[in-house]
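Work through the exercises below with the sequence and the model in view. Try each task before reading its solution.

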Amino acid sequence: MPATTISRGTTTLLLLVVVLLPSVSALALGATPQRNLYLGIDLSTQSATAVVLDPGLAVVESRFVNFDEELPAYGTSAGMTVGEGGVVTSSTRMWLEAMDLLMGKVQETGLLPRVAAISCSGQQHGSVYWTADGEASLKTPAAGAAGFADLLPDGAFASEASPIWADSSTGAQCDALERALGGPAAVAELTGSRAYARFTGNQFAAFAERTPALWEQTSRVSLVSSFAASLFLGAVAPIDYSDGSGMNLMDISSRSWAPTVLSSAAMPAGLGAKLAAPDFSAEPAPSHAVLGPVSAFVAQRWGFDAECAVVASSGDNCCAVAGLGLSREGDLALSMGTSDTLLGVGAAATATPALDGHVLAHPTSPDQVMLMLCYKNGGAVRERLRDEIVGPSWDKFDAVLAASAPGNGGLLGLTLDLPEITPEIDRVGSWHVDAQGAPVAAAALTAEQRVRAAIEGRFLSMRSHGKKLGLSSASRVLATGGGSKSSQILQVAADVFNAPVLVADTPDAAAVGAARRAAHALHVSAEHGGAVDAAPYESFLVDCGVDNDATLEVAAKPRPDAGDVYPDALVTRYEGFEAVVRARELD
Ligand code: XUL
């Protein structure tokens, strides 16, 4: 597949066509000695987090709202409501109430009048359905509105059940999109990813198909990130390039909505108009766009300075990339949580969208892309294995892992408790093959072999799919999440990636990334007329005094023979093994 090129020229040009709110000059919104703090908010699946950064971009305050605990009326589990047939939603109203609670907590710090700029991070792949009434209430708040939930009463949204990233109910819509565009590779080539169930374009299509009257009532659509920005701006905010590239709707090369997708039979009528933020360009905005000042309502209600700038919001993975300082090609972030995510940085000019994983616009660097692989079977499978074999102790698990030989004598394994998305494998079970490719029953394996096969398998898979997206070799791996508590898992990661593994002590990376992006965007706008190339994010952070490397601790170094134990040939073998499991050629 040919490389995707995202030119710097295109980015600059598109920046110029982002029309700021009438009567507002972004240049008037710079930091001042009285206004030199930055607010970042992460509206994520289970919680909302706010951080306030000082002029050196270090966290001075953070506040937090947990949805299940603090908003029990919504009856969520881990922030979600699980319906029939793979439908998973969160309540738009719960998010509004959460933002009110959070802002109340942040206001108590007394720092809000000194905030120069704010940006939000939102869970990727969630959608919000505004009505014309909702848009009007946002722009012209009713007198005496006590907060966001009050400002946007019943009727502000065509549906308050917002589909989120965990929704997997849109298979038919994904098939329709791939058919309409000429197959999965064509969709990947154009948008950076083949059609994925959670990608928001497919959510819009499913919403319109299932509830056409509600789609009719929808005047605008937002992502969770642009929804959060809209609240502070007092107008529907544009979707940014980086989060926008996780929708199957944006042309990853030109960073504009792809006309062939919007006009295809797979997408609902009127989508283009609903994607357009009325006070801005109809197209997605650069992630560093200053959209305008906070609304008069927001300034008054929470005591912001009237000139506090609202910067385009972005997805949580995109903001985590900015928060972790992932900017060098070869930098990888390995998040081992409930699901496993590998984030990497690549050159836009050489990235190659593939059938597994995603090429997304980089949130801070126009010449780069963010490469992402998400696995559904992550921490839950590892913890089940650990509990079955040694009980709930990572130390004991580490001892078992350390007792087996790296490379596992050629044994390969894959364990799925849920159908997998990378690669798409629609079955659950546990499969192993020996060095000759012959199937081996799990009962015939020692605990040490099973554990090592599970851990090595995941990293070999990441290497294989990462390579197809254009990730050639790793220079360092930043590990986060529950799995990074196991020192031996980190050692296996160092060996398989043949790179040092660092543990990132950056709690709230997405909220910190949002706040740092806000500071950078304000600087670019006020000092460089919006020309992001004049002040690259990395050098801006250094100029502010941020030492990203100081927060990183080397947790594992690759063994000297790592390249021989885990050669490319082994990665290729693993790729073939996954294909055999996927094709059901192995019981
Ligand atoms: C990424 C994804 C999840 C969400 C969680 O593609 O689906 O990581 O971003 O918030």
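The model is predicted: local features need pLDDT of at least 70, side-chain atom pairs count only at pLDDT 80 or more, and totals for chains, interfaces and linings use all residues. Residues are numbered from 1 along each chain as its sequence is written, and side-chain values use heavy atoms, with hydrogens and water left out.

**Exercise 1. Helix 15 and helix 20**

Task: Find the angle at which helix 15 and helix 20 pack, and name the residues that meet.

Solution: 
Step 1. Two packed helices are described by the angle between their axes and the distance between the axes. Helices (H or I, at least four residues) and strands (E, at least two) are DSSP runs, numbered from the N terminus. Axes are lines fitted to C-alpha atoms, for helices over the stretch in contact, and angles run from 0 to 180 degrees between N-to-C directions.
Step 2. Helix 15 (residues 316-324) packs against helix 20 at an angle of about 75 degrees, and their axes are 7 Å apart.
Step 3. Helix 15 is therefore roughly perpendicular to helix 20. Angles under 35 degrees count as roughly parallel, over 145 as roughly antiparallel, 65 to 115 as roughly perpendicular and the rest as oblique.
Step 4. Contact means heavy atoms within 4.5 Å. From helix 15, D316, C319, A320, A322, G323 and L324 meet A509, A510, V512, G513, A514, R516 and R517 in helix 20.
Step 5. Sorted by type, the residues of this contact are 8 nonpolar, 2 polar and 3 charged. Ala, Val, Leu, Ile, Met, Phe, Trp, Tyr, Cys and Pro count as nonpolar, Asp, Glu, Lys and Arg as charged, and the others, Gly among them, as polar.

**Exercise 2. Helix 20 and helix 21**

Task: Describe how the axes of helix 20 and helix 21 cross.

Solution: 
Step 1. Helix 20 (residues 509-528) and helix 21 (residues 537-544) have axes that come within 10 Å and cross at roughly 95 degrees.
Step 2. Helix 20 is therefore roughly perpendicular to helix 21.
Step 3. Helix 20 supplies G513, R516, R517, A519, H520 and H523 to the contact, and helix 21 supplies Y537, F540 and L541.
Step 4. These residues divide into 4 nonpolar, 3 polar and 2 charged.

**Exercise 3. Helix 18 and helix 23**

Task: State how helix 18 and helix 23 are oriented, and how the residues of their contact divide.

Solution: 
Step 1. The packing angle of helix 18 (residues 447-469) and helix 23 (residues 568-582) is about 95 degrees, with the axes 9 Å apart.
Step 2. The two helices are therefore roughly perpendicular to each other.
Step 3. Among the contact residues are G457 and L460 of helix 18 and D568 and L570 of helix 23.
Step 4. The contact of helix 18 with helix 23 has 4 nonpolar, 4 polar and 6 charged residues.

**Exercise 4. A sheet with a helix on it**

Solution: 
Step 1. Two strands pair if DSSP finds at least two bridges between them.
Step 2. Strand 7 (residues 127-130) is joined to strand 10 by 4 bridges, and V128 stands opposite S222 in strand 10.

**Exercise 5. The ligand site**

Task: Which residues surround the ligand?

Solution: 
Step 1. A residue is near a molecule or strand if one of its heavy atoms lies within 4 Å of it. The ligand is surrounded by T45, Q123, Q124, H125, W165, R198, D316, N317, M372 and C374.
Step 2. A polar contact is a pair of N or O atoms within 3.5 Å; within protein, one must be able to donate a hydrogen and the other to accept it, and residues adjacent in sequence count only if both atoms are side-chain atoms.
Step 3. An N or O atom in the side chain of D316 is 2.4 Å from an oxygen atom of the ligand. For a polar side-chain atom of R198, the distance to a ligand oxygen atom is 2.8 Å.
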